[in-house]
Amino acid sequence: MRTLSTRHLLLATLLAAGTAQAGTVNIESWRVDDKALWEEVLIPAFQKKNPGIQVKFTPTAPTEYDSSLTARLTGGTAGDLITCRPFDKSLDLFKKGQLEKLDGKAGMENFPASAKVAWQTDDGKTAYCMPMASVIHGYFYNKKIFKELNLQVPKTQAEFFAAMEKIKAAGKTPIALGTADQWESNQTVLTNVGANSWKGEDGRKALIAGKAKFTDPQFVAAWEQLSKMGPLMGKGASAQTYADSQNLFAMGKAGVYPAGSWDIAYFNKEGMDFGAFPPPVAKAGDQCYISDHTDIGMGVNPKAKNKADAYKFLAWLGSQEFADLYTNKVTGFFSLSNHLISVQDPVAKQMLDWRKTCKSTIRLNAQIMNRGTPAMENELWNVSSQVLNGKMAPKEAAVQIQSGFAKWYAPQQK
Amino acid sequence: MKKNICKPLSAFGVHCMLGGYTLLALFPIVLILMNAFKTKAAIFDNPLAFPTAETFFLGGFEKVIAKSHFMLYFGNSLTVTLASLALILLFGAMAAWALSEYKFRGNRILAIYMMIGIMVPIRLGTVSILELIVQLNLINTLTALVLVYTAQGLPLAVMILSEFIAQIPKELKEAARCDGVGEFKIFFQVILPLIRPAVATVAVFTMIPVWNDLWFPLILAPGEETQTVTLGVQQFIGQYVTDWNSVLAALSLAVIPVLILYSIFSRQLIRGLTSGAVK
Amino acid sequence: MKRWHIVLFLAPAVLIYSVFSALPLLDTLRLGFYTTNDAGVAHFSGFSNYFTILTDPAWSSAFWNAMGNNFKFFLIHLLIQNPIGLILATFLSLKGLKFARQYRTFIFLPTLLSVVIIGFIWQLILSPLWGVSESILNAVGLGAYFQPWLGEEGSALITLALISVWQFVGIPMMLIYAALLAVPEDIVEAAYVEGASAWRIFWEIKLPLILPTLGLVTILTYVGNFNAFDLIYSVKGAIAGPNYSTDILGTLFYRTFFGYQSQIGSPTMGAAVATLMFLVILCGVGAYFYFVQRKLTRYEL
């Protein structure tokens, strides 16, 4: 009896030591929605290839992610792998020495230069996060309502607003959108519907080069679309949260929903019958542009307790298997790697196919413009929400953004 | 002695006002509780109706219990709150006694030094606190929370308790000293029992912010094993925000334990508050 | 008398308070005098952060906006929460009132619940999507007055302040109630015998006697409101919309210190904001002790 228990004890100690040695790779992320997918699909798939490595996905709600991550990085308690926001936010972490250089690491070779742009130094020489996925913006529409009212999927802005008026006349909410949380006003509305106005990358790069101003007509036109959309939002939209908008659309009470492709998963789960169309262009036959935003990357914490395993996981993130799983299981996130992947979800496939006809651009202010004070992202949330609420004229919004931008950005001060 | 000052008519008015306000205080809580037990369709169609046989639904609770560790969170909150409370009361009373009883150099300065803690939110020092907790290797432990909450609660405790100790008649202490009783014995056997009502007041005032804090659990102990109820609920809602059944169930689960504890202890709690009137 | 026991009595409290509260706070104050470069290395920069906050239009407009909102937030508490607390306490302290204990217990209940939970509950109740408040207003014929109060620039801050009042009215109520109970019975009795009305007894006897408590309630409200953060953060996020109309010092500090979304946090600027908050609170408390407390003490004598 006695020997048995001693042996048990010894075994337990050995086991404990074993796990301590192998350690656990902790992943920091803001994707709370995907927690189950990581735990049930992605991590088991990795472990099949790499037995013995423990991986834990520990997301923080998106609103708290950046601040609590900063605190944990400063305090040295952050996880081994860090999900990277694109551009300036992660660049700041890298400059502070809180992300490792990833040049030449296994898996990085599988990504095109266009994907790596979001996570490299300004000179393009050093990469610090592996690109994971992009998201595409457009509109979702309720197929049932469109059929009932005999509406066609709109191609031009005139068609779009005409269709919305019909939905309104039929007593439904035309656009499921609110401004309580504010971020949608910029991320799924302005940079979504505006790309056609400022001609995608051309407009964005002209701003960075100092050759265009926000007060130029092509940018004001974007806010003008917002001011027309405002009255088409539901009653009480100023206090409607993102979740409210999702619910409104999912319950079939609204005609269209300005979407990020990540929303597909939610509406699928709710059993909705919906389709997608790209933001309408000004005139029939115009070149179309879509917001196709490099959104998620993955970097390594220099203070990682388990760096070797973290790099093994990172290498797997660059593999065909991950690209396939991520694109098809975490519906609405599109892998940025060179691997050929067939997208199964019909709406996701539809959105991905826009790339064939429309030109892709990233969110307007994502690169460089977010660096100064006042912070342009926050300003854009604010003015775009106010334009939607009818509290601010499109011109005023443009003036406010431009003056904040010119305040700190030399090329705009000429 | 008990005379009814309010006349019948004005008594009615008083009851109207108090009753009305009580309804206002209870309505939101009742609303959440009753909708938590309904189907999603019923929640939206008729939010003001009580659950009926057709609309009764426990899916929200099942999901919350399956997807989060509610009992664990609750235990964590309870542990942290009780431990902080014990330390605050003991150390606070000891310091209050020393500051109000003994004359020594730096007495006033020390009192003011402690007072500053009432005015400044400890949250302003978060980054330094985090670094310190990391150095002490206490990250993701309940101990870290207890230490920070104790530091946060001590100033108010010292202030309130000092006022009370100052009111204790000198004769009591002097009598004990004449009998040759040691200072520690005087404190623990004479003073502590006398300031019990004040201790109850302090307990209430320090307990509420500790139990409800979101900030420090988020920064110092966000790990799954150390999450408190407030943080757990907040994270859960963040994850299932569109799923109203689950959200309402999570809110109810956060509220119900407080309701139970409150219904058990409300008399002591309110007696503590009122008898420990701060002068 | 040996002095070592004083040290023993003081040591635990002073140690814990110093290590986990005072020193970190001091460190924050120190940080306010530094700036950091891109690599996160700090160097001393004197008062430049304060200069930026108070003179640079981008910073100063945000700071004064938050300050103004914070004052409104405080005033609403002062003018609504505390009078309601006083009225409720006065009623509760009426002799022979039935159900007094039940009223007291229920009205104090919201105070015990987490601000995060309260914020969420009220957001649901006021949500135009759910329509609870709208249908209640409809039932009493006021449906036309329904607005998405939390979303309108003119009403969001007031609505949040009222939610906070709803939650915390129990604290002033209890403190004042306790003070009213402590009013010596013989004075009230004597006045009553002389034929003074309940109204006069309240104004001329009870109120003056509880003035110190009212002062304490005021200063607690002031300190509490200028530290407020949780409710606004949980309902409106750190960006405190619409158009920063609900931004108060706490949310401004959070945004500055930790950053928010693409805004990159600056511990040094955040520390400067924190120091300014500290000064605001210190001034208020100092003014209270200097002007009010002294007068009150004299009054009492």
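## Around Leu161(B)

Let's start with one residue: Leu161(B) touches Gly92(B), Ala93(B), Ala96(B), Ile195(B), Ala198(B) and Val202(B), leaving out residues up to four places away in sequence. Touching, or contact, is when the C-beta atoms of two residues, placed from the backbone, lie within 7 Å.

A quick note on the model: it is predicted, so local features need pLDDT of at least 70 and side-chain atom pairs count only at pLDDT 80 or more, while totals for chains, interfaces and linings use all residues. Residues are numbered from 1 along each chain as its sequence is written, and chains are lettered from A in the order in which they are written.

## The nonpolar core

Leu161(B) also turns up in the largest nonpolar core, which has 296 residues; along with Ala95(B), Val148(B) and Leu251(B), Leu161(B) touches the most other members. Such a core is a set of buried Ala, Val, Leu, Ile, Met, Phe, Trp, Tyr and Cys residues joined through C-beta atoms within 7 Å, and buried means 20 or more other C-beta atoms within 10 Å of a residue's own.

Helix α7 (residues 142-167) of chain B gives the largest share of this core, 16 residues. Helices here are DSSP runs (H or I, at least four residues), numbered from the N terminus.

## Where the chains meet

Chain A puts 16 residues into the contact, and chain B puts in 13 residues. On the chain A side, α3(A) gives the most, with five residues.

How values were computed. Buried ≥ 20, exposed ≤ 12 C-beta atoms within 10 Å, placed from the backbone. Helix = DSSP H or I, 4+ residues; strand = E, 2+ residues; numbered from the N terminus.
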